[in-house]
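This note collects comments on the fold and packing of the model shown below. Please read the points against the coordinates.

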Amino acid sequence: MIQVIYKQIDEQIQNAQKILLLTDERLDGDTVGATLGMFHILKAMGKQVSVFSPREIPQTLLFLPATDQIIFDQSVFEQDGIDLVMIFDCADGEYIKTLLPKMKRKVPLIVVDHHVTNPKYGYINLIESDSASASGVVWRLVKTLGYPITKNAAQCILTGICTDTDMFLTTSTNAACLDAAHELSRYGARLQEVVRETMMNKSVSALRLWGLAFERLHHNDEFNAIATAITLKDLQELGATQEDLSGLINFLNSMIEGADTVLAYYEREDGSVKGSLRSQTIDVAEIAAKYNGGGHIRASGFQIPNAYLEEKDGKWFVGKKGD
Ligand SMILES: [Mn+2]
């Protein structure tokens with residue numbers, strides 16, 4: 001089955017001259033790594049390639065080659081001659097629904113993803129939910145098709161695999177991830193640089209924010225999870241950003257003794273509260289779905305609009321604005 005999809009994708013890529021690649025809205029190492037990995041490969045194949053991202057690339061990912069070529073202007077969709085669109089690590093495709101109609105003509109959309117909740121919104125859907133990262137899906141695809149894997153492509157793909165597995169610590173880490181890392185390093189990818197840039201190099205305000213999150217750990221009865229919470233006021237007082245929270249939930253999930261499930265609540269600038277769930281044994285995609293969220297079996301999230309966080313006796317709760 002997967003071979004049939006690979007063949008269909010290969011046909012589309014071979015026949016296309018001008019290809020537009022899209023990241024997800026939620027920018028992490030995997031969506032950026034997978035998208036830029038494909039960018040470098042398609043370039044090496046002599047294709048004209050553009051990369052669009054709806055948001056600025058996080059500081060921790062700017063070391064990836066070609067981040068300076070990413071386009072943030074939506075007018076890229078109106079360009080002449082685009083004959084193929086590919087999107088990476090994007091579970092629902094909601095944000096492109098308003099952008100794709102801007103294109104001069106309807107072109108095929110290829111969805112490359114690993115989210116179990118992906119509704120297969122593309123013309124061709126390469127969804128491998130057993131893969132720990134979308135970058136891993138890209139890796140298998142390009143390797144099987146014998147595409148040219150440059151040093152820059154290898155570095156981007158390795159970054160996606162490393163960040164989505166939290167440096168090979170998540171329960172989704174399997175032999176395929178380690179095999180890929182091994183092979184990618186032979187193509188010139190540098191693991192030390194990935195670890196240093198994406199996990200270390202944290203600012204003092206980011207570390208103080210993590211400290212606050214540790215201080216607030218408590219048991220959440222609703223989710224039967226070890227939980228923490230960070231408000232917008234916390235970010236403001238510490239001079240920290242939402243970006244400083246990335247990696248925190250994975251860190252908690254792998255660090256806390258005897259914690260089966262962990263939950264982090266974050267207030268967002270759009271007035272919502274985000275819940276991030278991680279587990280060693282429980283299907284948290286199913287739990288998140290009850291709150292209109294989604295994700296993976298062991299890593300998921302949801303968003304509660306018009307909400308805020310409040311503390312009562314050391315425990316944190318979500319309040320609804322206007323209630
Ligand atoms: Mn991913």
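1. Basis of the note. This is a predicted model, in which local features need pLDDT of at least 70 and side-chain atom pairs count only at pLDDT 80 or more, while totals for chains, interfaces and linings use all residues. Residue numbers start from 1 along each chain as its sequence is written.

2. Overall form. The protein chain has ten helices and 13 strands, taken as DSSP runs (helices: H or I, at least four residues; strands: E, at least two) and numbered from the N terminus. Its radius of gyration is 20 Å, close to the 20 Å that the globule rule gives for 323 residues, so the chain is as compact as a globular protein of that length. That radius is taken over C-alpha atoms, and the rule is 2.2 Å times the number of residues to the power 0.38. Along the principal axes, the C-alpha atoms fill a box of roughly 60 × 45 × 40 Å.

3. Of the 323 residues, 42% count as buried (20 or more other C-beta atoms within 10 Å of the residue's own; exposed means 12 or fewer, partly exposed in between, with C-beta atoms placed from the backbone). Among contacts with a separation of 6 or more, 63% link residues 24 or more positions apart; a contact requires C-beta atoms, placed from the backbone, within 7 Å.

4. The parallel sheet. Five strands form an open sheet in the order S2-S1-S3-S4-S5, with parallel pairing (a pair needs at least two DSSP bridges). Strands S2 (48-52) and S5 (124-127) stand at the edges with a single partner strand each, so one side of each is left without a neighbour in the sheet. Neighbouring strands are turned by 15° against each other on average, direction ignored. Strand S1 (residues 18-22) pairs with S3 over four bridges, and leucine 20 has valine 85 in S3 as its bridge partner.

5. Helices on the sheet. H2 lies across S1, S2, S3 and S4, at about 165° to S2. H3 also packs on the sheet, touching S3, S4 and S5, and its direction makes about 115° with that of S4. Axes are lines fitted to C-alpha atoms, for helices over the stretch in contact, and angles between N-to-C directions run from 0 to 180 degrees.

6. The H2 and H3 contact. Helix H2 (residues 29-44) packs against H3 at an angle of about 25°, with the axes 8 Å apart. That makes H2 roughly parallel to H3 (angles under 35 degrees). Asp30, Thr31, Gly33, Ala34, Gly37, Met38 and Ile41 in H2 meet Ala134, Ser135, Val138 and Val142 in H3.

7. Helix H3. How many of the eleven residues of H3 are buried? Eight are, so H3 (residues 134-144) is largely enclosed by the rest of the structure. Among the buried residues are Gly136, Trp139 and Leu141. Just after H3, glycine 146 takes a positive phi of about 70°.

8. In strand S12 (residues 307-312) the number of buried residues is zero, so S12 lies largely in the open. Six bridges join S12 to the antiparallel strand S13 (residues 315-320), with tryptophan 316 in S13 as the bridge partner of glutamate 311. Two residues separate the strands of this hairpin, and aspartate 313 in the turn has a positive phi of about 50°.

9. Leucine 100. This residue lies in the loop between S3 (84-88) and S4 (109-113). Leucine 100 is partly exposed, with 16 other C-beta atoms within 10 Å.

Technical notes
Two residues are in contact if their C-beta atoms, placed from the backbone, lie within 7 Å. Angles under 35 degrees count as roughly parallel, over 145 as roughly antiparallel, 65 to 115 as roughly perpendicular and the rest as oblique.
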